[in-house]
There are 2 protein chains.
Amino acid sequence: MSQQIANVAVNTQANVYFDGKCISHTITLQDGTRKSVGVILPSTLTFNTGAPEVMETVAGACEVKLAGQNNWTRYAAGQRFDVPANSSFEIKVEGEPYHYICHFG
Amino acid sequence: MSQQIANVAVNTQANVYFDGKCISHTITLQDGTRKSVGVILPSTLTFNTGAPEVMETVAGACEVKLAGQNNWTRYAAGQRFDVPANSSFEIKVEGEPYHYICHFG
């Protein structure tokens with residue numbers, strides 16, 4: 001888990017989802033790769049993916065149910081989960097905010 | 001107003017204030033200067049300053065009342081306001097989220 005990501009360009013306008021329950025800033029690495037750093041406030045949300053995503057937990061914890069799964073799996077700081085392309089996942093955050101890095105592709 | 005700030009290191013854990021009404025990510029420039037990029041959701045909040053701050057509006061709008069002032073002043077995209085050190089300001093956001101860059105000074 002990275003506390004800081006160096007040598008990036010950061011978009012100054014954030015991405016605001018679900019009335020602010022999820023807020024992220026897009027960053028672009030020097031090789032053109034885009035990621036986002038974000039926060040999910042306590043809530044249960046459903047996200048759809050275009051590109052595949054890897055969600056890396058920076059702080060806090062969440063429970064996740066991928067499309068087609070019946071059970072929730074918990075991820076805490078340092079843990080990550082993969083989401084396939086053109087799919088969806090439910091994410092549940094309770095108590096403290098969930099901080100993440102989203103890697104695309 | 002900068003749509004992107006290049007050559008920075010971004011902190012992956014966000015700063016979460018007022019139960020998530022304000023969320024920012026700290027960035028560090030190559031010369032060591034720290035700034036933050038953030039969002040304030042619709043609300044009226046009071047912030048205290050240590051260092052002096054320049055708040056630069058990226059998107060959305062706010063109304064601001066500095067400590068000792070009686071009137072609200074409106075700032076929209078591209079506009080900025082200065083806050084002295086060891087002071088405070090009230091900020092009111094209505095409707096859409098307010099996106100900003102905070103320069104410490």
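In chain B of this predicted model, four strands form an open sheet in the order 5-10-7-8, with antiparallel pairing. Strand 5 (43–48) and strand 8 (73–76) of chain B stand at the edges of this sheet, and because each has a single partner strand, one side of each is left without a neighbour in the sheet. Neighbouring strands of the sheet are turned against each other by 30 degrees on average, when direction is ignored.

Within this sheet, strand 7 (residues 61–66) and strand 10 (residues 88–93) of chain B run antiparallel and are joined by 4 bridges. One of the residue pairs involved links B:Glu63 to B:Lys92, its bridge partner in strand 10 of chain B.

Strand 6 (residues 53–59) of chain B has pairings of its own, and it is mostly covered, since 6 of its 7 residues are buried. With strand 9 (residues 80–83) of chain B, strand 6 pairs in the antiparallel sense over 4 bridges, and here B:Glu53 has B:Val83 as its bridge partner. Strand 6 of chain B is also joined to strand 11 (residues 98–104) of chain B, again running antiparallel, by 6 bridges, and in this case B:Thr57 has B:Tyr100 as its bridge partner.

| Strand pair | Sense | Bridges |
|---|---|---|
| Strand 6 and strand 9 of chain B | antiparallel | 4 bridges |
| Strand 6 and strand 11 of chain B | antiparallel | 6 bridges |
| Strand 7 and strand 10 of chain B | antiparallel | 4 bridges |

Turning to the cysteines, the structure holds 0 disulfides over all chains. For a disulfide, two cysteine sulfur atoms must lie within 2.5 Å. The sulfur of A:Cys102 is 9.0 Å from the closest cysteine sulfur, that of A:Cys22, and is therefore too far away for a bond; A:Cys102 itself counts as buried, at 4% relative accessibility. In chain B, the sulfur of B:Cys62 has its closest cysteine sulfur in B:Cys22, at 11 Å, which is likewise too far for a bond, and B:Cys62 is also buried, with a relative accessible area of 2%.

The two chains can finally be considered together. The same surface serves both copies, for 100% of the contact residues of chain A recur in chain B.

How values were computed:
Residues numbered from 1 in each chain as written. Chains lettered and ligands numbered in written order. Predicted model: local features only at pLDDT ≥ 70, side-chain atom pairs only at ≥ 80, totals over all residues. Heavy atoms only, no water. Buried < 20%, exposed > 50% of the residue type's maximum accessible area, 1.4 Å probe, protein only. Helix = DSSP H or I, 4+ residues; strand = E, 2+ residues; numbered from the N terminus. Pairing = 2+ DSSP bridges. Axes fitted to C-alpha atoms, helices over the stretch in contact; angles between N-to-C directions. Contact = heavy atoms within 4.5 Å.
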